[in-house]
There are 4 protein chains.
Amino acid sequence: MSKIKIVTIGGGSSYTPELIEGFIKRSAELPIREIWLVDIEEGKEKLEIVGNLAKRMVEKAGLDWQIHLTLDREEALKGADFVTTQFRVGFLDARIKDERIPFENGLLGQETNGPGGMLKAFRTIPVILSIVEDMKRLCPDAWLVNFTNPAGMVTEAVLKYGKYEKVVGLCNVPVNHMMSESKLLGKDASELFFHFAGLNHFVWHKVYDNKGNDITGEVAAKVISEEEAGVANIEVMHFLQDQLDHLGMIPCYYHRYYYLQDDMLQKGLESYKNEGTRGEVVKRVEEELFELYKNPDLKDKPTQLEKRGGAYYSDAACELINSIHNDKKILMVVNTRNNGTIDDLPYDCAIETTAYITASGPRPLNFGKFPTAQRGYIQIMKAMEELTIEAAVTGDYKIALEAFITNPLVPGSTIGKKVLDELLIAHKKYLPQFKDFFDKQ
Amino acid sequence: MSKIKIVTIGGGSSYTPELIEGFIKRSAELPIREIWLVDIEEGKEKLEIVGNLAKRMVEKAGLDWQIHLTLDREEALKGADFVTTQFRVGFLDARIKDERIPFENGLLGQETNGPGGMLKAFRTIPVILSIVEDMKRLCPDAWLVNFTNPAGMVTEAVLKYGKYEKVVGLCNVPVNHMMSESKLLGKDASELFFHFAGLNHFVWHKVYDNKGNDITGEVAAKVISEEEAGVANIEVMHFLQDQLDHLGMIPCYYHRYYYLQDDMLQKGLESYKNEGTRGEVVKRVEEELFELYKNPDLKDKPTQLEKRGGAYYSDAACELINSIHNDKKILMVVNTRNNGTIDDLPYDCAIETTAYITASGPRPLNFGKFPTAQRGYIQIMKAMEELTIEAAVTGDYKIALEAFITNPLVPGSTIGKKVLDELLIAHKKYLPQFKDFFDKQ
Amino acid sequence: MSKIKIVTIGGGSSYTPELIEGFIKRSAELPIREIWLVDIEEGKEKLEIVGNLAKRMVEKAGLDWQIHLTLDREEALKGADFVTTQFRVGFLDARIKDERIPFENGLLGQETNGPGGMLKAFRTIPVILSIVEDMKRLCPDAWLVNFTNPAGMVTEAVLKYGKYEKVVGLCNVPVNHMMSESKLLGKDASELFFHFAGLNHFVWHKVYDNKGNDITGEVAAKVISEEEAGVANIEVMHFLQDQLDHLGMIPCYYHRYYYLQDDMLQKGLESYKNEGTRGEVVKRVEEELFELYKNPDLKDKPTQLEKRGGAYYSDAACELINSIHNDKKILMVVNTRNNGTIDDLPYDCAIETTAYITASGPRPLNFGKFPTAQRGYIQIMKAMEELTIEAAVTGDYKIALEAFITNPLVPGSTIGKKVLDELLIAHKKYLPQFKDFFDKQ
Amino acid sequence: MSKIKIVTIGGGSSYTPELIEGFIKRSAELPIREIWLVDIEEGKEKLEIVGNLAKRMVEKAGLDWQIHLTLDREEALKGADFVTTQFRVGFLDARIKDERIPFENGLLGQETNGPGGMLKAFRTIPVILSIVEDMKRLCPDAWLVNFTNPAGMVTEAVLKYGKYEKVVGLCNVPVNHMMSESKLLGKDASELFFHFAGLNHFVWHKVYDNKGNDITGEVAAKVISEEEAGVANIEVMHFLQDQLDHLGMIPCYYHRYYYLQDDMLQKGLESYKNEGTRGEVVKRVEEELFELYKNPDLKDKPTQLEKRGGAYYSDAACELINSIHNDKKILMVVNTRNNGTIDDLPYDCAIETTAYITASGPRPLNFGKFPTAQRGYIQIMKAMEELTIEAAVTGDYKIALEAFITNPLVPGSTIGKKVLDELLIAHKKYLPQFKDFFDKQ
């Protein structure tokens, strides 16, 4: 049986040890030959630190995998079987701006699907599309497993503009929900059936027990009454019970930015005033992590990584790779092409949903139509995403502006334009496609 | 040829003289036998004042029409050919609350499709449904021509819950756009082709000249650069040129509450502080109007009525009645059942669109799919409308709350719930269907 | 753990031993308390014969299950957990007419979705709806597992007109395809992924290997070049290779009646001339089977049953019951509500498709849109099915006629009307709902 | 006001005098400068004959229009305002084959949407696409008014593959229905409202009077009971009253080939035996017409042309040109892009429907969803059309075969393949795109 080659773009990320750990855990099933950690010049130092830790981890596990650290993306991609992407254009400094500028204007930045996340999409999508072009030449049969945020928009860009079919987007939010809710119920996740449908960071789900009962309401009530299993990077703040009753589905914890916009904004502003942006907090955590990683005696993923906020992202990637490679036919929640799974959304857009994972890729369980309440909201969010992606690809300022006006976190054209312009200017270096806009400044 | 019977519910309205004038203008074509002005006990005095003016107007025009003033709705409806509805549950005092309570909470009330308008829907829909039940018994072949706001939601309620097919909703916004834009271009409206599509007070349009050119962009630029023909009840405030370019359609002037929410809110709060609510202004105007109407020498619609803000509403109703009765086969903009005219919206909802008016009712010109930007926004607005209507019919508090959270003028659950609760309590008298909510207070 | 009660309507069927064998095979997992075999007066003798064989089989297996034989449907249904239906209104004599009358008029009868099958639907649907009414009263939480043909139309009738959600329709055609194709490839079915979508007896599928390759074309070629694993009740006759190439999917063997209508008609007429109808052949087979069943020493399903033509139907039912009861989360091909799984068909119709079976019922894998060729054909077949079901429920002759004109096996109104009328008259006894038609004769 | 240039491709057609007459009738409104009659070398003689008649007609009418006769298509198209197409690739000899070969195989040829019409599409679509390419270079703002059959498929090919938006397809079938039904009712067409929806030669309609009553049933009954106003080229043969009642719409007279396939086939075969194909009859009529046209004293359209069978086609083209040029805003039945007008069909296909004609083109009245019976049948017909168009453009034999198998006039693959192959070979000269198929013969 032939062994596989895995390439990780953004290999210098602090998450890499979780990824390596995930592969090691599955080494009995997953016949890895080589793992290539790729990064760019500015990330070289981190790549070396984390790459060496990766090597020590593999060595300790007694595996013969080759670990390559490289700045040469093309060399890495040649003949790859799986490519994972976890890079951050502009590093955490860019995220800090995505959060700070909206706050300074009295708005939530929301670095995944708010104004901040839209700018992240502007920076990230051109890079992912160039990776996809490389893949078409160098490893046209490889699966692209993306967990760079905004994971849904990035997946859609790859499908629609990159015209690359073998892509799956991943997120740890559904995983966290399934884990914490199983724990609340005192059950194993395998005893339950979770059906997720929506968009990345804007997904709802239902829960059924193994007797066929819809226990969504019961779970929702528990989620509210008991303290939720910790999600490091988001305020614990509860949806109204009356709303949960009406929705008949459990919103994901990122829905708080929308359903509880007023409270989240107030909390966010307070916390911004007291501690700075979340990006700054994360930056400090990361610096500590890299200090730990440098220790030549460290040969495991340090537990401190779990504080970082993205726990289980990388593990989900390993699980997906394993499932595709071994045709495991299990359910996972993925970002993939809609194809009518959710009838209320365009056929060719990306959605986040529960899918049956086969060797030929994810096969979503059909979902159908949302109730009215979810339907209207998801439709405006998807329109916002589509406009954002189109602006990211074309660099058309008018489309970017329309995307901002469409985002429910932006309460009007005047403030929307102001925040957009400030963000574009702050990120100018990473936004060559918006040249026309910059030329006019 | 048999003559027709017209019934106007809310006959004591200050708009009635425009309606009567509209019928008089069309007397050569439209064979009226009798007009019944119906009102409720609390509106009796106004009914008498305006009813007597109506009689003087008809007499001056030398017409033999019978004008009946009555509080007995059933007697009036018997055998009617057309029923128009222009009533306001709770009179202007209710509107004042619809505007004041949101302002007091830092929100726009928007008395047609904002929080205020949602409460108006809660008060109005049960009444219109009871009228429809009367019509089914007393005049099952009559057309219901509604221009009570929110005209779109009221029309949808009649179609979906009233199961009454012969209903058309009217609004003066499209008429105002067509008149002012023709004037800006120095053309007659008949030289242009306007294609409207959207929801009531949330409609966009395109303009074509009689050479087949799409002149929407040219018109949009003129609307921005020149002072618009006055719309009495709304701030003049311009959409961003970049947004108009991207939309490729002209938003209606009520779109300002959404696209320019930040500016409209600021202006609205200032104006509320200085002059009180728009409802209070209107109330003063109405009082002056009724003083004028009392004058027994007044035998025409006074020009002061035009200041009132709803000009052309009644005229549109007369034109529609004329077109249906005489199979005129002209275009008008109406609220009617979607039936796939706009592909992005539910098949059975009400939309506002350009229709070809035949004796068998309006036949919308097909519209198709909206561009992304319009699509997302109209979809959340329609979901909000559907939830609002359902809450109005069922009195289900949870649905009402969800409708509030869905409305883009409401920035979160906490403030949404607060404003909803205050509004419900303020209007308790007119909201018997929300008994369960009141019982819990 | 509580044990379950299973009720089989049409318990006197020759298939019952397969069903019992299926339960016995799963006895380790499936905790059965009692099985009720129900039949009608005319089927009493067969019920006793086959019921006693069932008892002997269970006894031989050393199981303590209670086997009840009864003509009292209500008593049987009380508190049931699963109800299976395998009855044939009018017994095989009715099928013989369904086949003979069309042949006499030069048409294919096709007793499942041709003119014959439409009459079978007319006879069967009122009975299944009365069963469903009983179930709502007597066992409202039970699952109805139907394998009475036409299984798709019966399922749709239960969902749409019976308003009963817990229903699954089963067919052995997909099972046969999966088994014979796995065998042709020399693989185990578990190494492949089959994706079926369509209607009962009008379903197409794709095949993927465990490396993710689409091997549909390879399988189709093998199906043509090698002799197919025997399907007892259908002519071996091959689709054109050029058509298979274009479809990109494998049609089921019942598609021959449509795609190869000319050849099938010719063969069918020959065989009708030589051997009489298939119904008559089956009747002889059944008589032999019942002779075997009478033998008190027989304590197993006799292998001769496999000649009967419906092999694996009953086994599929057992597997489904097991999967639902034990939340097995495996894939099965079922007839269930569309809900947008196939975008080209009405949302609320029944389809046949690959589904993930949970304790809360089947969750179809999303399919999306068919290519043009499949799309047009399945749409007319579904319209025919919808009209047939509506005629079966209402007894409206005009709808029945339209259904006939719509069926692609009926080449025109004149012949269609003649065949319909003859069939209705021949089955008058079982078609009380068509009273108006009979009154006019 | 600038005068217009009209180009007629296939100018040598026997219909040209009707076209010229149509323009002359509208000369007061329609400011024509020049008319170019274009034909190919083989049609030169006919072009001269009919072209000279055209000149005499214009002269007699006292008009200063320039009439150009040319074989140079490019010169003709330069700067055109309207281009009409009425050519027949392979002349009537090709049609004769389209009819004869199916009859010889026991099938209806149906030269517009049956097997014959499909071959006509294969011959015509490449030519129309080359005309469109010329138009893009030489007269990119011109409207293309097509009445070459199959008019619906040709229109769809221009829209979908030619990517040319300014195209309208016309047919005389709706005109004939409106004229004959008005006559049957003793009314003027303007007193009625006809709503047509469907495909070319597969269109249904409803009729309303000027009181708003749906009088479709009344009209259908009259159509059956009284002799229809003569349609020269189609058998009078009546739909079943029971079917008409159920449809609730009137099928067009070409529907007979499908709904009454059995009778039409029998009649057709008889008539083929006795008189040869309809094409041969038409050919004799045409020869007589051209003899008449040669007469230098003839200065009007001879009444004999009406026997030809296509009456009102050309007049409809003149009316459409007039309506577009003068922004007449009248209703006409046209073939145009669906855009959701009929919800049951693909968004981008061509349909035939009632449209409001403006200077910017036709605006269909929305139709919505068909009842079940129409829905299924129109969907398979549209799939057949789409496959036919795709085969015509690509020359892919497998798609052509699938199109044949899909057509309800073709009762199976074996006969379908035989007829297709014979037709392709018979028309080899005009089917260069099917080179691969011919190479294999």
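**Salt bridges between the chains**

I looked up the salt bridges between chain A and chain B and found a count of 4. The model is predicted, and I read every value below as computed from it. One of the contacts I followed down to its side chains: Asp245(A) and Lys398(B) meet in a salt bridge, 2.7 Å from N to O.

**The interface as a whole**

Next I asked how many residues of each chain are in contact. I noted 36 residues of chain A against 36 residues of chain B. The area buried between the two chains is about 3200 Å². Carbon and sulfur atoms give 58% of that area.

**How the copies are related**

I then superposed chain A on chain B. A rotation of 180° does it, with 0.0 Å of shift along the axis and an RMSD of 0.0 Å. The two copies are therefore related as by a two-fold rotation axis. The same surface serves both copies, since 100% of the contact residues of chain A recur in chain B.

**Strand β7 of chain B**

I moved to β7(B), residues 193–199, and asked how many of its residues are buried.

Which strands pair with β7(B)? I found β8(B), residues 202–208, pairing in the antiparallel sense over 7 bridges. I also found β11(B), residues 350–358, pairing with β7(B) in the antiparallel sense over 2 bridges.

Ala197(B) stands opposite Trp204(B) in β8(B), and its bridge partner in β11(B) is Thr353(B).

I checked the hairpin of β7(B) and β8(B) as well. There are 2 residues between the strands, and His201(B) takes a positive phi near 60° in this hairpin.

**Helix α7 of chain B**

Last I took α7(B), residues 173–185, which has 13 residues. From its first C-alpha to its last I read 18 Å, close to the 18 Å expected at 1.5 Å a residue.

I listed the buried residues of α7(B), among them Val173(B), Pro174(B), Asn176(B) and His177(B). Further along the helix the list includes Ser180(B), Glu181(B), Ser182(B), Leu184(B) and Leu185(B). For reading such a list I kept in mind that an α-helix has 3.6 residues a turn, so residues three or four places apart point the same way. His177(B), Ser180(B), Glu181(B) and Leu184(B) are all entries I marked as buried.

What follows α7(B)? I found Gly186(B) there, with a positive phi near 65°.

Methods: Residues are numbered from 1 along each chain as its sequence is written. Chains are lettered from A and ligands numbered from 1 in the order in which they are written. This is a predicted model: local features need pLDDT of at least 70, side-chain atom pairs count only at pLDDT 80 or more; totals for chains, interfaces and linings use all residues. Side-chain values use heavy atoms; hydrogens and water are left out. Copies are superposed by least squares on the C-alpha atoms of residues with pLDDT of at least 70 in both. Contact means heavy atoms within 4.5 Å. Helices (H or I, at least four residues) and strands (E, at least two) are DSSP runs, numbered from the N terminus. The expected span of a helix is 1.5 Å times one less than its number of residues. Buried means under 20% relative accessible area, exposed over 50%, partly exposed in between (1.4 Å probe, protein chains only). Two strands pair if DSSP finds at least two bridges between them. Buried area is the accessible area (1.4 Å probe) that two parts lose on being put together, summed over both.
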